[in-house]
Amino acid sequence: MAAIMLTTMNIPLHTSVWVNSRRKSWCCYASLSQPDRKEIRLGLPSKGRMSADTLELLKNCQLSVKQVNPRQYVAEIPQLSNLEVWFQRPKDITRKLLSGDLDLGIVGLDTFSEHGQGSEDLIIVHEALEYGDCRLSLAIPQYGIFENVNSVDELAKMPQWTEEKPLRVATGFTYLGPKFMKENGLKHVTFSTADGALEAAPAMGIADAILDLVSSGTTLRENNLKEIKGGVVLESQAVFIASRKSMIQRKGVLETTHEMLERLEAHLRAIGQFTVTANMRGSSAEEVAERILSQPSLMGLQGPTVSPVFCKHDGKVTADYYAIVICVPQKALYKSIQQLRAIGGSGVLISPLTYIFDEETPRWRQLLSKLGL
């Protein structure tokens, strides 16, 4: 029988309720806890880099959060009517979405996965907000019995781990941890949670390994720890999430979700994109377009826009030049300008894009499908 257990260190014993390798969802919250609430509630991280980056992203989407008093935990976004912003700990955002106290939220995928525990009521509306990048990874010491262990498979085959002496893992992820170990054949494992830096646990002799969030890996290396092949539980970044029940049952939530999703998509798609405008001589718009499309880096998003530039010569209006407009990614910008000039482009103007709106975002169609709408 698999010996996957949890102990606690310096935390209340009730934390152990999270652990069991069997799924424990917040099934007690089967319906909206505040059915008469009229306001739509968005949960945002209250502190740290995640909070600052979230507010910056929303500002760039023309959804600036207005907080009258920085000590207050409630604010508003004037562009979204009937919306309240509640600043909460990320794990509480996920829990309160499940309880019906929040309708929408932005958290890291690691937090969503750990505290959402696979609940069908939680939906990821946008899975890649492009900040808060990190990974949840298993790390072991570089020395001792682990010196030549470089993969999860090798770790699982070590004869040291028995029911009487299991592998001890320190982590704050007591749902994802046991689930990962079971899926990877590690049968004899105990989990402990600890306050503070987990990297010290193996050196102190209170754990054999840790399961924690890693960004660059520098802190692990400085504490003589190493990641191993197959040891990444998940790659995480900020995600936009919502309650299925709220979107279906609470008035205005689906519409607000749609507007936020469109603004987020339009801004994120425009990052690193530039509008290139130039004049080019040609006999016709088609002839100019053919020259442009002969260059791979001048294709743009859907092709170039070509329009006549009218001039007046000797009393006659003629179109000797054509204006072309294309969208070019930053990494290909200089090469595109070179190709454009090589085929006769002149007066090249460059400007960064702020938004790119599609006819309809694919994520919106996917969301409606998930909701059965």
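Figure 1. Glutamine 117 is buried, with a relative accessible area of 1%, where buried means under 20% relative accessible area, exposed over 50% and partly exposed in between (1.4 Å probe, protein chains only). The residue has a positive phi of about 50° although it is not a glycine, and its place is the loop between helix 3 (109–116) and strand 6 (122–126); helices (H or I, at least four residues) and strands (E, at least two) are DSSP runs, numbered from the N terminus. Asparagine 82, also not a glycine, has a positive phi of about 65° and lies in the loop between strand 3 (74–76) and strand 4 (83–88). Asparagine 82 is partly exposed, at a relative accessible area of 42%. The model is predicted, so that local features need pLDDT of at least 70 and side-chain atom pairs count only at pLDDT 80 or more, while totals for chains, interfaces and linings use all residues. Residues are numbered from 1 along each chain as its sequence is written, and side-chain values use heavy atoms, with hydrogens and water left out.

Figure 2. Six strands form an open sheet of mixed pairing, in the order 3-4-2-5-12-6; two strands pair if DSSP finds at least two bridges between them. Strand 3 and strand 6 are the edge strands, each pairing on one side only. Neighbouring strands of this sheet are turned by 35° against each other on average, direction ignored, with axes taken as lines fitted to C-alpha atoms, for helices over the stretch in contact, and angles running from 0 to 180 degrees between N-to-C directions. Strand 3 and strand 4 run antiparallel and are joined by three bridges. Glutamate 76 stands opposite glutamate 84 in strand 4.

**Figure 3. The largest nonpolar core and the surroundings of leucine 129.** The largest nonpolar core has 34 residues, and those with the most contacts inside it are Val85 and Leu129; such a core is a set of buried Ala, Val, Leu, Ile, Met, Phe, Trp, Tyr and Cys residues joined through side-chain atoms within 4.5 Å. Strand 2, helix 1, strand 4, strand 5, strand 6, strand 12, helix 9 and helix 12 (362–371) each supply at least two residues of this core, and the largest share, six residues, comes from helix 9. Not counting residues up to four places away in sequence, leucine 129 touches Leu57, Ile106, Gln237, Ala238, Val239, Phe240, Leu264 and Leu268. A second, separate core of 23 residues includes Trp161, Val169, Phe191 and Leu211.

**Figure 4. The two aromatic pairs of the structure**. Rings of Phe, Tyr and Trp (its six-membered ring) pair if their centres lie within 6.5 Å, and planes under 30 degrees apart count as stacked, over 60 as edge-to-face and the rest as tilted. Phenylalanine 146 and tryptophan 161 form a stacked pair, 6.0 Å centre to centre with 20° between the planes. This pair links distant parts of the chain, 15 residues apart, with phenylalanine 146 in the loop between strand 7 (134–141) and helix 4 (152–156), and tryptophan 161 in the loop between helix 4 and strand 8 (167–171). Phenylalanine 146 is buried at 5% relative accessibility, and tryptophan 161 is buried at 9%. Tyrosine 355 and phenylalanine 357 form a tilted pair, 6.0 Å centre to centre with 35° between the planes; tyrosine 355 is partly exposed at 26% relative accessibility, whereas phenylalanine 357 is exposed at 51%.

Figure 5. Cysteine 61 is buried, with a relative accessible area of 1%.

How values were computed. Contact means heavy atoms within 4.5 Å.
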